[in-house]
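Q: I have a protein model open and would like to go through it with you. Could we begin with the overall picture and then turn to particular residues?

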Amino acid sequence: MTFHEQAGTMWLDGEFIQNEAAHISLLTHTLHYGVGVFEGVRCYQTEKGPAIFRLKEHTERLLNSARILKMAIPYEETLLNQIQCDIINHNKLTSAYIRPMVFYGSDYLGLQTKALQCRVMIAAWKWGSYFNADTQGIKVHTSSFIRHHSNSVLCKAKANGNYINSIMALQEANDQGCDEALMLDHQGLVAEGSSANVFIVRNGKLYTPNRKSILEGITRATVMTIARDEGIEVVETDLTRDELYIASEIFFTGTAAEITPVAEIDGRSLSKGTMTQFLQQRYQAIVQGKEKKYQDWLTVI
């Protein structure tokens with residue numbers, strides 16, 4: 001059964017409708033050219049009920065992505081936040097993945113966008129672990145596909161079409177028997193995974209690529225805050241591929257991936273690291289509402 005056929009409710013252009021009633025034209029501009037922006041947001045079960053993690057930051061990034069692509073979203077930020085809460089209740093979910101997306105309709109088909117109206121959808125569904133891997137971690141392959149240059153495709157936008165690059169890298173990694181791709185930038189420096197940011201641990205410090213050619217992940221920022229609050233030094237810097245080979249630990253971060261340890265990269269094994277485990281435990285406690293210090297990161301529904 002496809003997502004479209006599943007029973008449930010989504011929000012489309014200002015109204016709640018059943019998923020199976022959502023229809024768009026095959027001449028929809030975004031379907032042909034990939035010009036759209038989206039977010040991935042997680043809702044977790046807490047003692048106070050379902051709570052969306054860092055909702056404000058996700059919606060702000062959606063709006064910023066739209067601004068980069070010059071897409072005029074016809075709804076205010078407060079409404080978009082409220083609908084993401086309401087979609088959880090409409091679908092009677094306690095934990096979920098939420099997908100807001102802004103796309104162009106079928107007003108016109110061509111490269112001009114001035115005549116196009118922005119449409120907005122928000123859906124939610126149950127989604128567990130992103131990587132189908134055991135607790136020991138995932139296998140990673142360094143991709144031959146280069147991460148987008150920031151002046152080729154604007155990398156700060158979480159844009160639909162940008163993910164062709166990621167999909168090709170992930171296909172290549174899967175063909176090599178791996179779970180995830182590591183992508184390098186045009187200078188050969190480490191950028192990120194196909195859909196997640198990357199961290200390494202060396203000599204008790206946490207290192208992550210600087211922001212030049214990456215999507216600035218919200219989970220990435222969360223991990224950096226947690227680590228610094230715990231007295232762990234975090235360094236944003238240029239990283240080379242071989243620095244990952246000699247790291248004591250590597251892990252990926254993302255809304256879907258959460259904190260996922262790496263067990264092997266390019267045929268080189270890593271031991272299960274204590275810092276990754278520690279950060280995983282802290283992260284899970286925070287998203288489940290067990291840490292008072294970070295309660296403002298949760299929007300309880």
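Predicted model: local features only at pLDDT ≥ 70, side-chain atom pairs only at ≥ 80, totals over all residues.

Q: Understood. How many helices and strands are there in the protein?

A: The protein contains seven helices and 17 strands.

Q: And how does its radius of gyration sit against that of a compact globule?

A: The two agree: a compact globule of 301 residues would have a radius of gyration near 19 Å, and the protein has 19 Å. Along the principal axes, the C-alpha atoms fill a box of roughly 55 × 45 × 35 Å.

Q: What share of the residues is buried?

A: Buried residues account for 51% of the 301 residues. The protein exposes about 14500 Å², and carbon and sulfur atoms supply 50% of that area.

Q: Of the contacts between residues at least 6 apart in sequence, what percentage join residues at least 24 apart?

A: The figure is 67%.

Q: Let us move to the aromatics. How many aromatic pairs does the structure hold?

A: There are nine aromatic pairs in the structure. One of them joins Phe-53 and Tyr-283, with ring centres 5.7 Å apart and planes at 80°. An angle over 60 degrees counts as edge-to-face, so the Phe-53 and Tyr-283 pair is edge-to-face.

Q: Where in the chain are those two residues?

A: Phe-53 belongs to strand 5 (residues 49-53) and Tyr-283 to helix 7 (residues 274-287). They are 230 residues apart, and the pair thus links distant parts of the chain.

Q: Buried or exposed, Phe-53 and Tyr-283?

A: Phe-53 is buried, with a relative accessible area of 3%. Tyr-283 also counts as buried, at 1% relative accessibility.

Q: What about Tyr-294 and Trp-297?

A: Tyr-294 and Trp-297 form a stacked aromatic pair, at 4.8 Å centre to centre with 25° between the planes. Both residues are buried. Ring pairs link Tyr-294 and Trp-297 with Phe-53 and Tyr-283 into a cluster.

Q: Which residue lies over the face of Tyr-245?

A: Arg-268 does, at 3.8 Å from the ring centre of Tyr-245.

Q: Back to helix 7, then. How far does it reach?

A: Helix 7 has 14 residues and spans 20 Å from its first C-alpha to its last, close to the 20 Å expected at 1.5 Å a residue.

Q: Which residues of helix 7 are buried?

A: They are Met-275, Thr-276, Leu-279, Arg-282, Tyr-283, Ala-285, Ile-286 and Val-287. Just after helix 7 comes Gly-289, which takes a positive phi of about 75°.

Q: A change of topic: where is Thr-255, and what does it touch?

A: Thr-255 is in the loop between strand 14 (249-254) and strand 15 (258-265). Leaving aside residues up to four places away in sequence, Thr-255 touches Gly-40, Val-41, Arg-42, His-58, Tyr-97 and Thr-219.

Q: Why does Thr-255 count as buried?

A: The limit for buried is under 20% relative accessible area. Thr-255 counts as buried because its relative accessible area is 13%.

Q: Finally, what can you say of His-90?

A: His-90 lies in helix 3 (residues 77-90) and counts as partly exposed, at 39% relative accessibility. Not counting residues up to four places away in sequence, His-90 touches Thr-9 and Phe-16. The C-alpha atoms of His-90 and Met-10 are separated by 8.4 Å, although these residues are 80 residues apart along the chain.

Conventions
Residues numbered from 1 in each chain as written. Heavy atoms only, no water. Helix = DSSP H or I, 4+ residues; strand = E, 2+ residues; numbered from the N terminus. Buried < 20%, exposed > 50% of the residue type's maximum accessible area, 1.4 Å probe, protein only. Contact = heavy atoms within 4.5 Å. Phe/Tyr/Trp six-rings, centres within 6.5 Å; stacked < 30°, edge-to-face > 60°. Lys NZ or Arg CZ within 6 Å of the ring centre and 35° of its normal. Expected span 1.5 Å × (residues − 1). Rg over C-alpha atoms; globule rule 2.2 N^0.38 Å. Areas by Shrake-Rupley, 256 points an atom, 1.4 Å probe, with all protein chains shown as cover.
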